[in-house]
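Here's a quick briefing to read with the model open beside you. Have a look at the fold, then work through the points below.

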Amino acid sequence: MKVPEELRYTASHEWVSTQGDGSVLVGITDFAQEALGDLVYIELPVPGKAYEAGQVIAVVESVKAASDIYAPVAGTVTAVNEALKDAPEALNQDAFAAWLFRLQPGTPAAADGLLDAQQYRAQIEAAQ
Amino acid sequence: MLKRTPLYDLHRAAGARMVDFGGWEMPLHYGSQLEEHHAVRGACGMFDVSHMRAIDVAGSQALDYLRRMLANDVGRLVPGRALYSCLLRPDGGVLDDLIAYRLAGAPAPEAPAYRLVVNAGTAQRDLEWLRQQGNDAVQLRLREDWALIAVQGPQARARIAQAQPALAAAVAGLGVFEAATVGAYFVARTGYTGEDGCEIGLPAQLAPDLWQALAAAGVPACGLGARDTLRLEAGMNLYGNDMDETVSPLVSGLAWTVDLKAPRDFIGRAALERQRLETDLPQLLGLKLLGRGVLRAHQAVRCAQGEGQVTSGGFAPTMQASIALARLPAGVQPGDPVRVDLRGRDEAALVCRPPFVRHGKVLV
């Protein structure tokens, strides 16, 4: 189970990558894509919209179930990965390469408060 | 502790994701259920269906007994032919759906004349019911010594012949819904995918060798995930979803499996004949979602004639769209537009008559 060291994580299996300009890229983890199975639809947020931390911001739908994706930090969506909409299977193939959307956080370094790789790994190991 | 089939170790070795299905630990997929689905439609795939149970029926009263127990009439089967039937309660509710085979060859005194293959989750209940309704002139034998392997797809029969040459003549010669016994193997040209193929019953100890021979012949292993998307596209019912003991075949798209032609007294007949007279019976039809999203069981369907419910749904990989079977009010016709409540969103769907896909071709 891949858990890249440089990323941050949420308890709901989103990964967060802080970029040079302070924005964050958000995706779902390898654990999440494996639990969901083959993905068939991805609903992405509208650029420009603002979200609270923990608010439903996207939906991924697999053959098994639909799963809500939550904003890991409060912020405004600045970009979405349109290419994923036509190729949801790319997310199954490499979850950490398949970013869903970019957020400009309301508070700088808000992502620092999220789980680190060690904490997330412990969480998923406890679940198995 | 979940039950395991004779092929369990091979599934684990192949990296299958295992799940609990009807009390059995079964492979959901071996990596991608979408790939497995496409493999079956395009070429071939194999399924471990050993969780399904074969029940042999022997004895001098076997024929009369099965004509009483089953809603379809095994009396019209010639040796070597099979049919699809429901097993009913006296009130017409469906206890299970199954395939009944009339075995070929002159039966020796204790040899079975018929074979039933029933669903995993209902097998215990079926067996108790069958035993309760039986008598001394009927012997029922659950084939716990067996495994069942389904090989499905346009290339299935060719691959079976390649993997096990002893079966080559049988698979080449069998018509659809025909079966033959070849040594220790029972080969039936039946399936649950809407493609050509066979289901093979065999002693448990022979199953790993056949599975590996099929793999060596280029047949990919496919799990329950693909099995469900294939059967849904083929418009085939799933027991427990599309029907159960609380509904009759008449409201489950299965009136065609009930044979009322002969004056045959079968369990549930009186209830069905009464129900047939009702004018507003719900009906099982297909749905195709017109937008993005996935239809799933229990979603509410709004029709001009009233409200219905999705009984089973999912994503159809061959169609690249979501489809479902749904119990809808009387009067709804294929082609009618309806609305479905998808996680709080109101989405448009089209009513269709199943099947959606047959022999690799999209029909709707």
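Predicted model: local features only at pLDDT ≥ 70, side-chain atom pairs only at ≥ 80, totals over all residues.

Residues are numbered from 1 along each chain as its sequence is written, while chains are lettered from A and ligands numbered from 1 in the order in which they are written.

**The chains**

- Chain A has 4 helices and 9 strands; helices (H or I, at least four residues) and strands (E, at least two) are DSSP runs, numbered from the N terminus.
- Going along the sequence, chain A runs β-β-β-α-β-β-β-β-β-α-α-β-α.
- With a radius of gyration of 13 Å, close to the 14 Å that the globule rule gives for 128 residues, chain A is as compact as a globular protein of that length. The radius is taken over C-alpha atoms, and the rule is 2.2 Å times the number of residues to the power 0.38.
- The C-alpha atoms of chain A fill a box of roughly 35 × 30 × 25 Å along the principal axes.
- Chain B has 9 helices and 20 strands.
- For chain B the radius of gyration is 20 Å, close to the 21 Å from the globule rule for 364 residues, so chain B is as compact as a globular protein of that length.
- The C-alpha trace of chain B spans about 60 × 50 × 40 Å along its principal axes.

**Where the chains touch**

- On the chain B side, 11 residues are in contact with 7 residues of chain A; contact means C-beta atoms, placed from the backbone, within 7 Å.
- Helix 2 (33-42), helix 8 (224-233) and strand 15 (306-316) of chain B are the elements that give two or more residues to that side.
- That side of chain B splits into 3 nonpolar, 6 polar and 2 charged residues. Here Ala, Val, Leu, Ile, Met, Phe, Trp, Tyr, Cys and Pro count as nonpolar, Asp, Glu, Lys and Arg as charged, and the others, Gly among them, as polar.

**Domains of chain B**

- Chain B is assigned domain 1 (8-50 + 145-233) and domain 2 (279-362), with bounds from an automatic or database domain assignment.
- The centres of the two domains, taken over C-alpha atoms, are 29 Å apart.
- Their contact takes 11 residues from domain 1 of chain B and 14 residues from domain 2 of chain B.
- On the domain 1 side, helix 2 and helix 8 of chain B each supply at least two residues.
- The domain 1 side comes out as 3 nonpolar, 4 polar and 4 charged residues.

**Helix 2 against helix 8 in chain B**

- The axes of helix 2 and helix 8 of chain B come within 8 Å and cross at roughly 55 degrees. Axes are lines fitted to C-alpha atoms, for helices over the stretch in contact, and angles run from 0 to 180 degrees between N-to-C directions.
- Helix 2 and helix 8 of chain B are therefore oblique to each other; under 35 degrees counts as roughly parallel, over 145 as roughly antiparallel, 65 to 115 as roughly perpendicular and the rest as oblique.
- Gln33(B), Glu36(B), His37(B) and Val40(B) in helix 2 meet Gly225(B), Ala226(B), Thr229(B) and Leu230(B) in helix 8.

**Backbone details**

- The peptide bond from Pro354(B) to Pro355(B) is cis, with omega near 10 degrees.
- Pro355(B) sits in the loop between strand 18 (345-352) and strand 19 (357-358) of chain B.
- Arg343(B) is not a glycine, yet has a positive phi of about 50 degrees.

Methods:
Contact = placed C-beta atoms within 7 Å.
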